[in-house]
Each structure stands twice: as structure tokens, then as C-alpha cells.
Amino acid sequence: MSEARWAAHRAARDAARADQHAAAVAAVGRLDDRDILLLGAAIYWCEGTKSKPWRRDDHLQLINSDPGLLAVFLLFLSTCGVDRTVPTYRVSIHETADADAATGWWAARLALPIDRFRRPTLKTHKPGTLRQDTGADYHGCLVINVPRSRELYWRIEGMISELFRKSGGAGPENVDR
């Protein structure tokens, strides 16, 4: 196909995408505390660590590389009364990257207190792996660990259990023991 034809296709696609984004922004509207609680619980259940019947560990720990998702989770914690100075934070990053720069980037990007960061976890480089996550835009993953969060973990279990029940799905194996 000619460049002119592709250019027209790309322009139409980009316009359709912009229209969908605008409609989605309008659909989100204002978020109240209930919305944030349900959204945060779902994020945690998808991305956070969970207790297992063979390993009880009822506390909140979430790891992710998406600053937007982590910002929403921090908003959830704030809505639950957990100030940003309570959790500890840790960067998990490949040993070939700049862990100190990544720590500073996460602290600045999410307005986190730098004194709450623990020593980074360095992932061992495997020469046979072709990594795409390299360069200046690579900041590793951020681990958020909330101490003394057992009751909040149980609240999340309860919210998820009820969401599953209302959707007609069975609850997860480690909820409603």
C-alpha cells in the first residue's frame, strides 16, 4: 500500500482512539471512597501477595512496574487511612541497571518519602535472555509493603469475596476459610 493510504488509515485510527479515550474519561467521572475501595481491592487481589493455606501471611505487599497502577493503589491505601509514611518501599531491578537512580525516580514519581525505601533487590542477569526493559526508561518494579496490615488484608478478602459472590463466581480458595 502507498504511504498516502497508510497515512489516512493511521489518521482515522488515531481519531477513533482519541474518541474512545474521551468517552472513557467521561465515563469514569468522579470517584468516591467506595469506588476507590473496590478498585484498590481488585488491584491488590490481582497484583498483591496473598496468603495460602500452607503459608499464612496476612499483610499487604504489592509489586508492580506501572506507576499509574501504583498511584491508584497508594490512593486506596490513603482512603483506608494508611499514610505514605507508613509503608516501606523497595526497588526490584536487574543488577545491570542503576538501582539508586531507579529509587530516586520512584520516590519522585509517586511522592514517596525516600527514607522509607529499603535496600533494592537486584535480579541476577541471565546472559541468554534478550531483555527489552533496558535503558533510561527502565526503573524496575516497586515493592510496597504495609506493616501491621492484617486487618486491612482481611477487609480486602471480604470485599473480593463479596464481589465474586455478586458476580456469580466462586470465591477464591483462600477466602472464606
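Reading salt bridges in a predicted model

Guide: The side chains of E162 and K166 meet in a salt bridge, 3.7 Å from N to O. This is a predicted model, where local features need pLDDT of at least 70 and side-chain atom pairs count only at pLDDT 80 or more, while totals for chains, interfaces and linings use all residues. Residues are numbered from 1 along each chain as its sequence is written, and side-chain values use heavy atoms, with hydrogens and water left out.

Visitor: What is a salt bridge?

Guide: A salt bridge is a side-chain nitrogen of Lys or Arg within 4 Å of a carboxyl oxygen of Asp or Glu.

Visitor: Where do E162 and K166 lie in helix α5?

Guide: A helix is a DSSP run of H or I, at least four residues, numbered from the N terminus. In helix α5 (residues 150-167), E162 and K166 are four residues apart, so about one helical turn separates them. Salt bridges with shared partners also join E162, R165 and K166 into one network.

Visitor: Is K166 buried or exposed?

Guide: Buried means under 20% relative accessible area, exposed over 50%, and partly exposed in between, with a 1.4 Å probe and protein chains only. K166 has 62%, so K166 is exposed. E162, at 31%, is partly exposed.

Visitor: How many salt bridges does a search of the whole structure find?

Guide: The search finds six. One of them pairs R56 with D58, with the closest N and O atoms 2.5 Å apart. R56 is partly exposed at 40%, whereas D58 is buried at 13%.

Visitor: Which residue forms a salt bridge with D57?

Guide: R55 does, and their closest N and O atoms are 3.8 Å apart. D57 is partly exposed at 31%, and R55 is partly exposed at 37%.

Note on methods. Helix = DSSP H or I, 4+ residues; strand = E, 2+ residues; numbered from the N terminus.
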